[in-house]
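Hi,

Here's the structure I said I'd pass on.

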Amino acid sequence: MTKTQTEDILEIRRLHQYFERGTVNENHALKGINLTLKAGDFVSVIGGNGAGKSTLLNSVAGSLPVDTGHILINQTDVTYQSVEKRAKLIGRVFQDPKMGTAPLLTVEENLALALRRGEWRNFWSSGVKRRDRKLFQERLATLGLGLENRLTTDIGLLSGGQRQAITLLMATLKNPALLLLDEHTAALDPKTSAIVMRLTNQLVAELHLTTLMITHNMTDAIKYGNRLIMLDHGRIVVDISGKDKQQLTVSDLLDLFKANSGQEMNDDAVLLS
Ligand SMILES: Nc1ncnc2c1ncn2[C@@H]1O[C@H](COP(=O)(O)OP(=O)(O)OP(=O)(O)O)[C@@H](O)[C@H]1O
Ligand SMILES: [Mg+2]
């Protein structure tokens, strides 16, 4: 069945997360988050340091057990499902380009792993099949970085931007229900960051991916996606979509941040972007 715009892909219900609960250092990191994403929603997630953005994505991915609340993906409650089980539904890209790829494996070996979703046994027994190689070449060619000619290059020899572009391909190779991006362009230089952002937008559109993208770059947060949410101290304080989002400016966002948090957004990455 093809997904229609009305289908809920992600539903987060009254999600609370605590760190060091019951100690003097207790930190109530998420305070009753409610959030529903429809098929194809591309949501920018912004907020100051420590607002709870990564905690939110980690909760959805299952790498952080949920304290209270529920998370549904494709209308199935995954709140208590293991990370491994959920991984079939989720593609993730992190800030560090080294995290998403294995440096001593070649480009095609990394992609083959992604195709088998980390099933090492199948990977070692079957290696890279000719049919897969053709698929990898086609997918790599869409990046426009010439990587389709570097299938047998060790990933560790590529630049951060090239690695991040491949990580993005790997994360989306099996059309995940959800794509989770946690500042995936923050470690790249501005030019490379712009390339990877364009690729992200292209893949999300081509594959109609439902996406949550954390960014400290206000310009990207405005430019990309159909919806924007702002977190502050564990709460969603701004949720803008459609026309309202299209009309946003960076200065609007800084004003919204100040109005909601009572503080200036004192984040170097924001001011530099
Ligand atoms: N593993 C952890 N143990 C204890 N506290 C944590 C842990 N992870 C996050 N926190 C705390 O939870 C709060 C939310 O952190 P989180 O990493 O989600 O913020 P963030 O919005 O992603 O910030 P940043 O923009 O700096 O990445 C912060 O106060 C942080 O210190
Ligand atoms: Mg974070």
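Predicted model: local features only at pLDDT ≥ 70, side-chain atom pairs only at ≥ 80, totals over all residues.

Ligand 1 has 13 residues around it, and the ones that come nearest are Asn-27, Gly-50, Lys-53, Ser-54 and Thr-55. Some polar distances to look at while you have the site open:

- Lys-53 puts a polar side-chain atom 2.7 Å from an oxygen atom of ligand 1.
- For Ser-54, a side-chain N or O atom is 2.9 Å from a ligand 1 oxygen atom.
- Ala-51 uses its backbone instead: an N or O atom there lies 3.1 Å from an oxygen atom of ligand 1.

Now the helices. H6 (residues 160-172) packs with H7 (residues 190-207) at about 15°, and their axes are 10 Å apart. Angles under 35 degrees count as roughly parallel, so that's what H6 and H7 are to each other. Their crossing is right-handed. On the H6 side the contact includes Gly-161, Ala-165 and Leu-168, and on the H7 side Val-196, Leu-199 and Leu-203 are among the residues they meet. By class, the H6 contact with H7 has 7 nonpolar and 5 polar residues, with no charged ones.

H7 also meets H5 (residues 130-143): the two axes cross at roughly 125° and come within 10 Å. That angle makes H5 oblique to H7. From H5, Arg-139, Thr-142 and Leu-143 meet Leu-199, Gln-202, Leu-203, Glu-206 and Leu-207 of H7. This contact of H5 with H7 has 4 nonpolar, 2 polar and 2 charged residues.

Cheers

Methods: Residues numbered from 1 in each chain as written. Chains lettered and ligands numbered in written order. Heavy atoms only, no water. Axes fitted to C-alpha atoms, helices over the stretch in contact; angles between N-to-C directions. Helix = DSSP H or I, 4+ residues; strand = E, 2+ residues; numbered from the N terminus. Parallel < 35°, antiparallel > 145°, perpendicular 65-115°, else oblique. Left-handed = near helix turned anticlockwise from the far one by under 90°. Contact = heavy atoms within 4.5 Å. Nonpolar A, V, L, I, M, F, W, Y, C, P; charged D, E, K, R; others polar. Near = heavy atom within 4 Å. Polar contact = N/O pair within 3.5 Å; in protein donor to acceptor, adjacent residues only side chain to side chain.
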